[in-house]
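Please consult the sequence and the model shown here alongside the text.

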Amino acid sequence: MSDDSSTRIVSGLRSWIAQAPPGARVPSNRALMARYGASPVTVQKAMRTLGALGLVESRPGVGTFVRAVRTARALDYGWQTAALGAPRARIPTLSTALHSSSPELIGLHSGYPDRTLLPERLVRTALARAARGTSAMTRSDAEGLPELRAWFATELAEATPVGVTPPTARDVAIVPGSQSGLSSIFRALVGSGRPVLMESPTYWGAILAAAQAGVRTVPVPSGPDGPDPADLARAFEETGARLLYAQPNYANPTGAQWSRERAGQVLDAVRAHGAFLVEDDWAHDFGIDTTARPLAAHDDAGHVVYLRSLTKSVSPSVRVAAVIARGPARDRILADRGAESMYVSDLLQAAALDVVTQRGWHTHLRTLGPQLRTRRDLLIDSLAEHVPDAQLDHVPRGGLHLWARLPDGTDLDRLTRDCAADGVLIGPGSEWFPAEPAGTYIRLNYTGPAPERFPEGARVIGRALAGRP
């Protein structure tokens, strides 16, 4: 009754307020209870709703009154032009991947998996346990919760071959999500005005983090097998760069996974130029036909800075990631973290540790791969049937997305708008290039809600691409 009655009271009072003069007294809660047969809690909820809408205002000890309409005046912020000056770097606009959606739309644009693909029961239980414990009221160490750091180190150590010294908890720093970690890495290890090599296309958030840090991005073309080692060596030599940002496993947006041979060649090039490789293992838990193979497991000389996030695989609300770095690089990154955010919420760290150390976590991961495969293949089949002009360079062996090339000359902005107008949200590929796009692409998420609507979404894309209503 509470929700229905509250809505009925709000609707009735809005009609009354539309006819009442500003400053008119709203009927008392007692009168409203009698009129609508509602409880005091329901009436109070309705009044809070009206207050949030700006229709009424309460005067303690006096009553509630119809709020007078305040005429907005034009505000002048021109003084800020001189105070701010020109920006150091042009910051990209908010990515389409972060735009909100609604149930009636077909959301193929997001960078996150649907909640049905997350370990929701484990997360809720872990958060409740963490809230009852001491972590709800304590400050974490700057490096992060020791037990969580040990878990990240142990996970990477398990993939480390004989002859390579595995990382320890001392090499791990906990950060509030991989995006924050990237910002610190670029500031600490590159610095403003200096070059950083990036695969092209690559994660839009890395492009954003580089722009915010003021570093100069140098694109290196990368295909289904990763960047060509010769192109990479040439870029190091020509630019003097000392850092490469890459995603060897299930790259965003392409889904590419480097072969073992290619990974070894890239690592050799990085070592030969005395450089760092920032390995973003964002999709470590989203293997479908293969498993993730971290390059960091094959390096103990400190060339690879490993970034491992739990945000997408555990919960978007549990923004916890780890940077694993060795030597002075780790100390510089940690110093930047102290200036940026001091520490990560102990409660979120405790909850994340709880989830990944439960037996149910491994059960969840075993069932996740088949679900991803079903969704991926359904979207591929839907595109083949309804968008035959869309070309997939390869079928991703893991990750969350398809990367489809459209015919040259396609107006990508118009296509995105037309699809949105018809209820389908897509990701324009131009956002994933650190320089000019090498073609017309779209990124489609096969882990969004309602996979049964993938064929319908593909039909809309096909109609919009053909210019049909």
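Two strands are said to pair if DSSP finds at least two bridges between them. Helices (H or I, at least four residues) and strands (E, at least two) are DSSP runs, numbered from the N terminus. By this criterion, E13 and strand E16 (residues 441-445) run antiparallel and are joined by five bridges.

The model is predicted: local features need pLDDT of at least 70, side-chain atom pairs count only at pLDDT 80 or more, and totals for chains, interfaces and linings use all residues. Residues are numbered from 1 along each chain as its sequence is written, and side-chain values use heavy atoms, with hydrogens and water left out.

**Overall composition**

The protein contains 15 helices and 16 strands. Its C-alpha atoms fill a box of roughly 80 × 60 × 55 Å along the principal axes. Of the 469 residues, 50% are buried, that is, under 20% relative accessible area with a 1.4 Å probe, protein chains only. Among contacts (heavy atoms within 4.5 Å) with a separation of 6 or more, 74% link residues 24 or more positions apart.

**The eight-stranded sheet**

An open sheet with mixed pairing has eight strands in the order E4-E11-E10-E9-E8-E5-E6-E7. Its edges are strand E4 (172-175) and strand E7 (226-227), each of which pairs on one side only. Helix H7 (residues 178-189) packs on this sheet, touching E4, E5, E8, E9, E10 and E11. The direction of H7 makes about 160° with that of E10; angles run from 0 to 180 degrees between N-to-C directions, and axes are lines fitted to C-alpha atoms, for helices over the stretch in contact. Helix H9 (residues 229-239) lies across E5, E6, E7 and E8, and runs at about 170° to strand E6 (216-223).

**Antiparallel pairs**

Strands of a sheet pair through backbone hydrogen bonds, either parallel or antiparallel.

| Strand pair | Bridges |
|---|---|
| E4 and E11 (residues 321-324) | four bridges |
| E12 (residues 391-392) and E13 | two bridges |
| E13 and E16 (residues 441-445) | five bridges |

Strand E13 (residues 401-405) is mostly covered, with four of its five residues buried. Within E13, Ala404 stands opposite Leu392, while Leu402 has Leu444 in E16 as its bridge partner.
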